[in-house]
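Colleague: Could you walk me through some backbone and packing details here? I'd like to know what to look at.

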Amino acid sequence: MKHPLVFRFGLLAALALSTLLLAFGKGPKRPTLYLIGDSTVRNTNAPQMGWGTQLPAFFDTARINIDNRAMAGRSTRTFVSEKRWRVVDSLLRPGDFLLMQFGHNEGSAPDTTKAGRRGVLPGTGEETKQLIWPNGRPETVHTYGWYLRQFIRQAKAKGVTPLVASMIPRNQWQDGKVKRATQNFGGWAREVARQENVAFIDLNQLTADKYDRLGPEAVAKLFAGDHTHTNEAGALLNAASVVEGIRANRKIALNKYLAKQQ
């Protein structure tokens, strides 16, 4: 039988080693789920709210961090040109996750005007457009799909798991149904996810189906000020759709970090 003093010394040594390991970053690390996107993901213009603000309520945040790096008014193009992606990329570590949702700000023809500075080329191909800004700075504009591929491939290179979500639907109706984005940005997001063999969350379809069931009058109460930006209740509904998309694909490793269903 070990002498009490020997046992106590061993215990203290183990605690000291554990403290040192944690101090030097060698201890267990919680992964981080990084969110990138536009104001429909993160919005500080109350009472508007993006779904990323509500997402932590669905996760066990004692086991995973959620870092919402989305920014209002940004497109895939400006998220790169403003070096916001460079910042996120510098933070990524093996075992982390990256969830991207863009599409609301990309629709203008790309140029150097205020209206066109966020625009991208449509589709998922390798087409480019060369621009020269008034200060002489050149810029090569790519397709929507090209930008998504850069996020995906650079995340994978860091040992990070990327996920692609289609854009949430706007409060726009046609023939009694909410307009879908399957023929443009939503469809292109799906195509890129398939090409790059990463998980796709059809947030556009999941939420649009809910809107259809609720009807125009009820859906209007989920938006604040316009047809694009949700309020707190709308953000919660969209965050729930994100989680539904994750749960529907058991291969997505994020499933193990979800809070237990009530």
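Colleague: Which loop holds K83?

Modeller: This is a predicted model, where local features need pLDDT of at least 70, side-chain atom pairs count only at pLDDT 80 or more, and totals for chains, interfaces and linings use all residues. Residues are numbered from 1 along each chain as its sequence is written, and side-chain values use heavy atoms, with hydrogens and water left out. Helices (H or I, at least four residues) and strands (E, at least two) are DSSP runs, numbered from the N terminus. K83 has a positive phi near 65° without being a glycine, and its loop is the one between α3 (76-81) and α4 (84-91).

Colleague: Is D175 buried or exposed?

Modeller: D175 sits in the loop between β7 (173-174) and β8 (177-178), with phi near 55°. Buried means under 20% relative accessible area, exposed over 50%, and partly exposed in between (1.4 Å probe, protein chains only). At 77% relative accessibility, D175 is exposed.

Colleague: What is the bridge partner of L131 in β5?

Modeller: Strands pair if DSSP finds at least two bridges between them. β4 (residues 129-132) and β5 run antiparallel, joined by 4 bridges. On β5 (residues 138-141), the covered face has V141 and E139, and L131's partner is E139.

Colleague: What is omega for the cis peptide bond of A46 and P47?

Modeller: P47 lies in the loop between β1 (32-37) and α2 (51-54). The cis bond joins P47 to A46, with omega about 10°.
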